[in-house]
Amino acid sequence: MKKLLKNNAVQALIASLICIVLGLLIGYIVLLFINPVGAGGAILAVVKNFWNYSRAALQIKNFGNTLVKTAPLLMCALSVLFAYKVGLFNIGAAGQYVIGTCASLYAALAWGWGWLPCLLLAILAGGLYGALVGLLKAFCNVNEVISGIMLNWIGLYATNMLLANVKESTSPYTLHLKSAAPQAMLPGGGMDKLLGDNANVTIAVPLSILIAVLILILLDKTRLGYELKATGNNKNAAKYAGMAERQNIILTLVIAGALAALGGAFLYLTDFEQWSVTQSSVPGMGFNGIAAAFLGGLNPIGTIFASYFIQHITVGGAYVDKTMYSSQISDLISAIIVYLCGFVLFIKYAINQGLVKTEEKKKNRDNAKGGEK
Amino acid sequence: MLLLIQYTLIFASVLMLVALGGCFSEHSGVINLGLEGIMVIGALGGALVMRYLPASVGPFPAILCVLLGAVMFGVAYSALLAVACINFKADQTIVGTALNMLGVAAATVLVKAINTAANPDDVSSEIQYVEAKKNFLVNIGSFEFNWFMLIAVVMLVVAYVVLYKTKFGLRLMACGEHPQAAASVGISVYKMRWAGVLISGVYGALGGICYILAGVSLWKFENGVAGFGFLALAVMIFGQWKPTRIALAALLFGFFRALSNVYFGFPLLMSLNIPGSVYNMMPYIISLIVLAFTSQHSRAPKAEGIPYDKGSR
């Protein structure tokens with residue numbers, strides 16, 4: 001038991017679970033304040049998500065719909081995680097996600113490209129957009145959080161401007177992929193059959209999980225990953241050891257940008273949603289990615305589960321009783337979870353302190369016994 | 001033209017107030033990335049007062065109540081940042097980001113709950129304050145003077161005097177430069193940093209309520225404050241953490257923000273035929289360019305962003 005508690009991964013898991021439980025509890029208390037009658041039911045509805053349906057077929061279909069939006073979230077989370085491992089806080093993931101959406105939708109609808117070139121273009125566009133942050137950081141010492149936020153807004157307005165060329169004539173939404181550009185729809189690859197003929201579930205889901213594993217390997221098993229992490233830990237030491245620290249910073253943000261952009265393409269090339277060109281705020285996907293990355297203990301595999309959980313409650317928010325509460329209660333819970341993730345270090349410290357204390361007590365007891373003899 | 005000046009001044013007031021807030025926090029050694037969230041919560045506090053205050057109280061008490069409501073909300077909210085970053089030594093970037101997300105989410109949930117309780121069919125996240133807003137405006141000819149322009153100037157003077165002319169301000173700045181040295185002469189670094197963050201709550205909240213009173217007379221809380229908290233941080237960096245320079249930087253940024261509101265009033269700009277989105281992007285692009293040129297030799301407080309640990313040297 002004690003050995004288990006000393007394990008870093010177990011500590012991270014415990015810390016994450018504490019964050020989730022506290023997050024839900026605080027969410028429940030907020031609901032109690034708004035209206036005590038339905039608070040319990042509402043929080044249950046959020047947690048249950050697709051289990052709110054009683055028919056198995058509907059459950060599977062809605063489980064699929066949650067997965068459709070988990071794939072892009074996972075990509076954004078990986079983007080945040082990857083940059084964080086190199087000591088960079090990529091809040092620009094939200095904007096890179098938007099740029100990926102823009103590139104893939106525009107190529108699909110305006111130029112009639114197929115899905116694979118669309119994905120590649122999204123990767124390219126996101127990589128370049130991430131590189132902007134990297135260049136500013138490496139050569140001009142601009143804080144990546146501030147430049148990231150600026151680029152989020154620039155990306156949003158640029159996307160609205162560009163995608164206005166491929167929107168429906170009577171609505172602010174972009175054209176339906178299914179009718180206007182069926183060649184750009186991501187293939188189902190058997191996933192759609194697996195989940196009750198839900199055509200929105202595509203290869204994006206297994207691909208995103210595969211990419212998570214690749215990121216894990218890249219970070220832990222390759223020389224590049226080692227160098228990037230070394231740069232993150234101590235820029236000057238890395239430079240002294242002969243690593244190109246500026247190049248590493250830029251490369252990191254290129255990869256992070258490409259990951260988030262791919263997330264955008266993963267969602268919009270399924271035709272699950274259309275982009276609204278009158279959108280006046282940056283989509284929350286990138287910011288939820290921050291929540292998922294930290295909740296996942298900054299481990300790619302943990303992030304897979306954390307992304308699912310965050311998306312699960314985000315979708316679950318739609319099932320609360322709208323006559324009393326709003327669906328944004330799940331955004332509130334996610335935000336509280338991110339806030340609590342700030343305390344993870346402290347939770348780990350507390351666990352370790354507890355372990356040290358019990359050990360000391362035991363030692364003292366043993367010593368006392370020894371003295372009696 | 002007059003309209004451009006009017007909008008420039010009001011947006012500059014917002015940016016200056018929030019940037020001064022960031023300035024206090026950073027001089028004490030805490031990076032406050034949560035200013036955006038503090039603005040939203042401050043705006044919420046003020047908007048709630050405007051919603052519930054009876055029209056009979058008269059303009060001056062009304063203004064005072066609105067300001068007080070905003071400041072109280074903002075200070076309480078910034079305490080969340082202080083307790084996490086100062087006492088629990090949490091990562092300041094994570095906590096700041098969390099506060100931004102939390103601010104918008106909490107305001108939306110709360111306002112929607114209030115609206116739905118009043119009218120079950122109303123699921124919007126909007127608060128209207130058409131009447132209450134008039135208290136803040138004085139028409140001088142065709143120029144619409146907003147009391148916030150004066151408040152911003154007063155707060156600027158206060159910030160300057162407090163930071164440079166009082167014992168408290170100098171001690172505060174010492175905590176951001178070299179907290180161990182400050183502690184060695186008997187200054188409580190924890191208390192000073194708490195003070196810095198709470199003051200940034202006051203300024204951020206004033207900026208927030210000023211922002212939602214600029215131009216419009218209803219606010220949709222789902223939208224947050226459109227990155228103004230971060231623009232203000234850019235203003236602060238451009239202003240090199242000095243109140244007077246921050247004021248000038250705020251005017252520059254305010255001008256570009258104002259352009260996107262009034263560009264269609266200028267025949268010259270209209271004839272260029274630039275899409276509206278480009279004007280919307282302008283303040284953000286300008287801030288990136290400005291940051292690229294000023295960040296290299298920035299005079300940031302040396303110990304900002306590093307949690308203070310009594311035991312470390």
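Helices (H or I, at least four residues) and strands (E, at least two) are DSSP runs, numbered from the N terminus. By this definition chain B has 13 helices and four strands, whereas chain A has 17 helices and zero strands.

This is a predicted model, in which local features need pLDDT of at least 70 and side-chain atom pairs count only at pLDDT 80 or more, while totals for chains, interfaces and linings use all residues. Residues are numbered from 1 along each chain as its sequence is written, and chains are lettered from A and ligands numbered from 1 in the order in which they are written. The model scores ipTM 0.88 and pTM 0.89. Chain B averages a pLDDT (the predictor's confidence in each residue, from 0 to 100) of 89, and 100% of its residues score at least 70.

**Overall dimensions**

The radius of gyration is taken over C-alpha atoms, and the globule rule is 2.2 Å times the number of residues to the power 0.38. For chain A, with 373 residues, the radius of gyration is 23 Å, close to the 21 Å from the rule, so chain A is as compact as a globular protein of that length. Chain B has 313 residues and a radius of gyration of 20 Å, which agrees with the value near 20 Å for a compact globule. The C-alpha atoms of chain A fill a box of roughly 90 × 60 × 40 Å along the principal axes, and those of chain B fill one of roughly 60 × 50 × 30 Å.

**Helix pairs in chain B**

Two packed helices are described by the angle between their axes and the distance between the axes. Axes are lines fitted to C-alpha atoms, for helices over the stretch in contact, and angles run from 0 to 180 degrees between N-to-C directions.

| Helix pair | Axes come within | Crossing angle |
|---|---|---|
| α1(B) (residues 2-28) and α9(B) (residues 189-213) | 7 Å | roughly 170° |
| α6(B) (residues 147-165) and α11(B) (residues 243-262) | 9 Å | roughly 155° |

Angles under 35 degrees count as roughly parallel, over 145 as roughly antiparallel, 65 to 115 as roughly perpendicular and the rest as oblique. With axes that come within 9 Å and cross at roughly 155°, α6(B) and α11(B) are therefore roughly antiparallel to each other. Residues are in contact if their C-beta atoms, placed from the backbone, lie within 7 Å; here L156(B), A159(B), Y160(B) and L163(B) of α6(B) meet P243(B), T244(B) and A247(B) of α11(B). These contact residues comprise six nonpolar, one polar and no charged, where Ala, Val, Leu, Ile, Met, Phe, Trp, Tyr, Cys and Pro count as nonpolar, Asp, Glu, Lys and Arg as charged, and the others, Gly among them, as polar.

**A hairpin in chain B**

Strands pair if DSSP finds at least two bridges between them. Four bridges join β2(B) (residues 137-140) to β3(B) (residues 143-146), and these strands run antiparallel. I140(B) stands opposite F143(B), and in the hairpin, with two residues between the strands, G141(B) takes a positive phi near 65°.

**Where the chains meet**

The contact takes 42 residues from chain A and 39 residues from chain B. On the side of chain A that touches chain B, the largest share, eleven residues, comes from α7(A). By class, that side has 31 nonpolar, nine polar and two charged residues.

Definitions and conventions. Contact = placed C-beta atoms within 7 Å.
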